[in-house]
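Below are my notes on the model you sent. They are set out as numbered points, to be read alongside the structure.

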Amino acid sequence: MNTLVDNVVSGMGGMPPYGLCMDCNAEQFRQLIRFMATPAEAEGQ
Ligand code: HEM
């Protein structure tokens with residue numbers, strides 16, 4: 001998770017730094033990554 005957040009902040013390949021969200025903080029990136037990594041049927045579990 002820390003590596004994924006670092007890669008979002010720094011930018012990676014075709015992804016721009018901060019994923020273009022300059023106002024987002026690390027905790028918000030963690031929550032977004034957790035959301036993206038959670039299958040829809042498992043949401044809320
Ligand atoms: C806040 C919004 C975003 C978050 C949280 C996010 C998150 C991530 C994460 C966790 C990865 C995987 C990094 C890794 O493999 O270590 C990734 C990869 C990637 N993202 Fe994003 N992303 C965001 C916005 C964007 C946007 C706006 C774009 C395009 C304009 C983008 C394009 C990409 C691409 C192309 C990759 C693959 C990078 C590579 O492996 O070369 N992302 N993103």
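Predicted model: local features only at pLDDT ≥ 70, side-chain atom pairs only at ≥ 80, totals over all residues.

1. The protein chain contains 2 helices and 0 strands. Along the principal axes, its C-alpha atoms fill a box of roughly 30 × 20 × 15 Å.

2. Burial is the next item. Of the 45 residues in the protein chain, buried residues make up 4%. The cut-off behind this figure is 20 or more other C-beta atoms within 10 Å of a residue's own.

3. How do the two helices pack? Helix α1 covers residues 2–10 and helix α2 residues 26–36; the angle between them is about 115°, and their axes lie 10 Å apart. α1 is therefore roughly perpendicular to α2, a class that takes in angles from 65 to 115 degrees. The crossing of α1 past α2 is right-handed.

4. Which residues make the contact between α1 and α2? From α1 come L4, V5 and V8, and from α2 come A26, F29, R30 and I33. Sorted by class, the residues of this contact are 6 nonpolar, no polar and 1 charged.

5. The loop between α1 and α2 holds P17.

6. Leaving out residues up to four places away in sequence, P17 touches V9, S10 and G11. Between P17 and N7 the C-alpha to C-alpha distance is 8.1 Å, with a separation of 10 residues in sequence.

7. The ligand is surrounded by 16 residues. The closest are N7, G13, G14, M15 and G19.

8. Where does the shell around the ligand come from? Both helices take part, with α1 and α2 each supplying at least two residues. The largest share, 4 residues, comes from α1.

9. What is the make-up of the shell by class? The shell around the ligand has 11 nonpolar and 5 polar residues, and no charged ones. The contact of α1 with α2, by comparison, includes 1 charged residue and no polar ones.

Technical notes
Residues numbered from 1 in each chain as written. Axes fitted to C-alpha atoms, helices over the stretch in contact; angles between N-to-C directions. Parallel < 35°, antiparallel > 145°, perpendicular 65-115°, else oblique. Left-handed = near helix turned anticlockwise from the far one by under 90°. Contact = placed C-beta atoms within 7 Å. Nonpolar A, V, L, I, M, F, W, Y, C, P; charged D, E, K, R; others polar. Near = placed C-beta within 6 Å. Buried ≥ 20, exposed ≤ 12 C-beta atoms within 10 Å, placed from the backbone.
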